[in-house]
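Subject: Structure handover

Hi,

Here is the structure we talked about. Please open it and keep it beside you as you read on.

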Amino acid sequence: MSSGVLVRYDDFMVKLDDVRQAQARLRGVALHTPLLPAPPQPGAPRLFLKAENLQPVGAFKVRGAYNKIASLSGEERSRGVISYSSGNHAQGVAYAARALGVKAVIVMPRTAPKIKLDATAGYGAEIVLVGPSSHERKARAEELAQQHGYVIVPPYNDEAIIAGQGTIALEILQDMPDVELVLSPVGGGGLISGVAAAIKQLRPEIKVVGVEPELANDAQLSFRARKMVELSPEQTSRTAADGLRTQSVGEINLAHILQFVDNIVTVSEDEILKAMRLLALNAKLVVEPSGAVTVAAHLFRLGELPASRKSVAIISGGNVEPQLLSRLLGEAAVSAR
């Protein structure tokens, strides 16, 4: 359904200086992850993988989380922080808060992968469990923030978060100045907002395309309608890409998407799982469903993408449930017999 709220996309722009300041804060905290050559595909352009699954928390989220918490005042940090997340942002906030000596509380859905729940707790965060709706997570976090004075660290709808994620783009351009197309997963929109804003302010000729599951295509619908479109939690919860199950992008994120992103495409569940299997077997990379959508687009939706001689697919995370990975590799072993 559509909220009917038109977004002015000139209200919240993250500037290049914001991203560069975030890069300075993140030095020595977030890894400058490598660009790895993807397994070649006949007739397809060259693809390189921005391996954010190699970050300390197994996902890019540490960038935005650390930048946000590090930018808080001493008084704000002393009150502690709270966030809401299905998994990777939860780990990023917990990791960043521990590094900065700040108390962290995370509201997570009971349906979150156990590997992400356990990792978040392992970084020392207090976890509060709620239902599957992203609205329920946000509402509970806001309630607890009001009660205890915690500072909210949003998962995506925040300029400091966007600037932190945008540091990925600076690394891509440093390592591969001749890149022509960057593919980014889209959940709440923090990653693609930062990446697209940084790239387009430096190199506007480079194409930036978002990728999301067909079962959670709220960003694509919003992009086409040029206003916020929201899906139900019942629909988005059906995708295996748990990190992309948000019901809508954030308002600030949509502003950046409409200003800087060239297109948003979708991939099927089968295509996501096939991409995960290929990355595990041929690229030797463990990638979660949310991180595999960009490679799935390059493999199966090439005709929907801008022409490019050299492309980069952002692999946003590698925190996959062991049971899912085992099943995919087992199926590959059976089919190879």
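In which hand, left or right, does helix 2 pass helix 7? The crossing is right-handed. Note that this is a predicted model.

Start with that helix pair. Helix 2 covers residues 61-70, and helix 7 covers residues 159-175. Their axes lie 7 Å apart, at an angle of about 130°. Angles over 145 degrees would count as roughly antiparallel, and 65 to 115 as roughly perpendicular. The two helices are therefore oblique to each other. On the helix 2 side, the contact residues include R63, G64 and N67. Among those they meet in helix 7 are I161, G164 and I168.

Now the strands. Strand 5 (residues 104-109) and strand 6 (residues 126-130) run parallel, joined by five bridges.

Next, look at strand 9, residues 207-213. Six of its seven residues are buried. Strand 9 pairs with strand 8 (residues 181-185) in the parallel sense, over five bridges. There, P185 has V211 in strand 9 as its bridge partner. The chain gets from strand 8 to strand 9 through helix 8 (residues 190-202), and this β-α-β crossover is right-handed.

Strand 9 also runs parallel to strand 11 (residues 263-267), again with five bridges. In that pairing, V209 stands opposite N263 of strand 11.

Best wishes

Technical notes: Residues are numbered from 1 along each chain as its sequence is written. This is a predicted model: local features need pLDDT of at least 70, side-chain atom pairs count only at pLDDT 80 or more; totals for chains, interfaces and linings use all residues. Side-chain values use heavy atoms; hydrogens and water are left out. Two strands pair if DSSP finds at least two bridges between them. Helices (H or I, at least four residues) and strands (E, at least two) are DSSP runs, numbered from the N terminus. Buried means under 20% relative accessible area, exposed over 50%, partly exposed in between (1.4 Å probe, protein chains only). A crossover is right-handed if, with the strands pointing away from the viewer, the path from the first strand over the helix to the second runs clockwise. Axes are lines fitted to C-alpha atoms, for helices over the stretch in contact, and angles run from 0 to 180 degrees between N-to-C directions. Angles under 35 degrees count as roughly parallel, over 145 as roughly antiparallel, 65 to 115 as roughly perpendicular and the rest as oblique. A crossing is left-handed if the near helix is turned anticlockwise from the far one by less than a right angle, and right-handed if clockwise. Contact means heavy atoms within 4.5 Å.
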